[in-house]
Amino acid sequence: MPTDPTIETPTANVYEAYDMTHPPRHPGIGWTRFVCVSDNHSLIFPVPPGDVLLHSGDLSRHGTLKDIEVTLNWMKSLPHAAKFFTGGNHDLALDANYDQGGSMRNCKPKSLKDKDIVAARKLVRSKELRKAGMVYLEHESTTYTSPSGKTYTIYGSPAAPFYSIGAFQYKAGDGKAIYDRIPASTDILMTHTPPLGICDVTKRGKHAGCPELTERLNNEDLQRCRLHVYGHIHEGHGAAVVGLSPETLSGRVSVNAAMPNKPLAIIVDLKD
Ligand code: 5GP
Ligand code: MN
Ligand code: MN
Ligand code: MN
């Protein structure tokens with residue numbers, strides 16, 4: 001028996017857990033199914049089909065080219081027509097700061113070779129992955145047009161607040177400039193970090209999301225953003241709907257697709 005949606009509004013259905021052998025039926029033309037994953041850390045697992053696959057970073061376990069390739073090859077094999085992904089703090093070989101003498105140069109682990117960084121950064125933007133429908137987003141946007149003709153603008157950011165040595169991290173207070181780059185036209189937002197206060201509680205009970213991202217999301221100019229997908233704080237896995245307006249009956253679906261115990265994607269169906 002398929003599981004009922006955990007969130008249901010007139011314009012969105014969210015499934016956090018479902019029977020893998022009977023995933024929910026696609027609602028049909030005029031709806032787009034986003035299948036959200038994050039923080040698989042080189043672990044590969046079956047995911048249900050859908051129109052769009054979204055991966056919010058921590059593709060790899062140790063940040064090497066080899067570890068990143070495991071996840072990219074898995075994503076390549078999946079049936080979704082469009083696949084958007086960003087990096088995370090574990091994905092060292094994707095961070096140009098490790099390559100170009102940036103602030104983290106001295107923290108480069110011995111196992112990470114310079115040529116692997118060049119190769120990984122090239123691979124994520126390669127023709128080969130493009131052909132498989134895969135688009136890497138590092139502080140940038142792209143678009144997806146659904147079969148019914150609705151165009152979604154999708155923005156991805158691999159950043160997260162500094163916690164321990166890792167890629168794409170910023171000091172507390174430096175998040176504003178990073179998230180000011182999210183364009184007002186964004187319909188679908190992918191970030192590695194959660195925003196402070198939504199699906200961001202650690203096993204110690206602490207809210208570990210980014211306050212500057214929350215501030216950016218609350219800004220009026222981002223009100224057309226209908227889906228925010230992130231990961232990073234694995235224990236925060238889950239979904240919520242934010243700002244459900246009584247007039248329009250639509251709000252922003254906020255999803256932490258990281259996996260604390262068993263691998264499972266979160267399915268979000270949006271009305272185009
Ligand atoms: P990762 O190493 O995969 O980025 O994060 C793994 C785990 O480390 C998270 O699930 C969380 O328990 C912890 N963690 C990562 N970043 C932070 C942070 O900024 N603050 C706190 N309190 N915990 C974090
Ligand atoms: Mn992670
Ligand atoms: Mn870690
Ligand atoms: Mn992370």
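## Exercises on cores and cysteines

In this predicted model, the largest nonpolar core holds 34 residues, and V47, L72, F85 and L94 are the ones that touch the most other members.

**Exercise 1.** Find which elements give two or more residues to this core, and which of them provides the largest share.

*Solution.* Begin with the strands that give two or more residues to the core, which are β3 (31-37) and β6 (134-136). Finally, look for the largest share, which comes from α1 with five residues.

**Exercise 2.** Identify a further core that lies apart from this one, and give its number of residues.

*Solution.* The other core, which lies apart from the largest one, consists of 25 residues. Among its members are C36, V135, I188 and L270.

**Exercise 3.** List what V47 touches, not counting residues up to four places away in sequence.

*Solution.* With those sequence neighbours set aside, V47 touches M20, V35, V37 and L53, and also W74, L78, H80 and A265.

**Exercise 4.** Decide how many disulfides the model has, taking a pair of cysteine sulfur atoms within 2.5 Å as the criterion.

*Solution.* Applying this cut-off gives a count of zero disulfides. For C210, the nearest cysteine sulfur belongs to C225 and is 15 Å away, so C210 is in no disulfide under the 2.5 Å limit. For C225, the nearest cysteine sulfur is that of C36, 12 Å away, and C225 is likewise in no disulfide.

**Exercise 5.** Determine whether C210 and C225 are buried or exposed.

*Solution.* Buried means under 20% relative accessible area. C210 has a relative accessibility of 1%, and therefore counts as buried. C225, with a relative accessible area of 3%, is buried as well.

How values were computed: Residues are numbered from 1 along each chain as its sequence is written. Chains are lettered from A and ligands numbered from 1 in the order in which they are written. This is a predicted model: local features need pLDDT of at least 70, side-chain atom pairs count only at pLDDT 80 or more; totals for chains, interfaces and linings use all residues. Side-chain values use heavy atoms; hydrogens and water are left out. Buried means under 20% relative accessible area, exposed over 50%, partly exposed in between (1.4 Å probe, protein chains only). A nonpolar core is a set of buried Ala, Val, Leu, Ile, Met, Phe, Trp, Tyr and Cys residues joined through side-chain atoms within 4.5 Å. Helices (H or I, at least four residues) and strands (E, at least two) are DSSP runs, numbered from the N terminus. Contact means heavy atoms within 4.5 Å.
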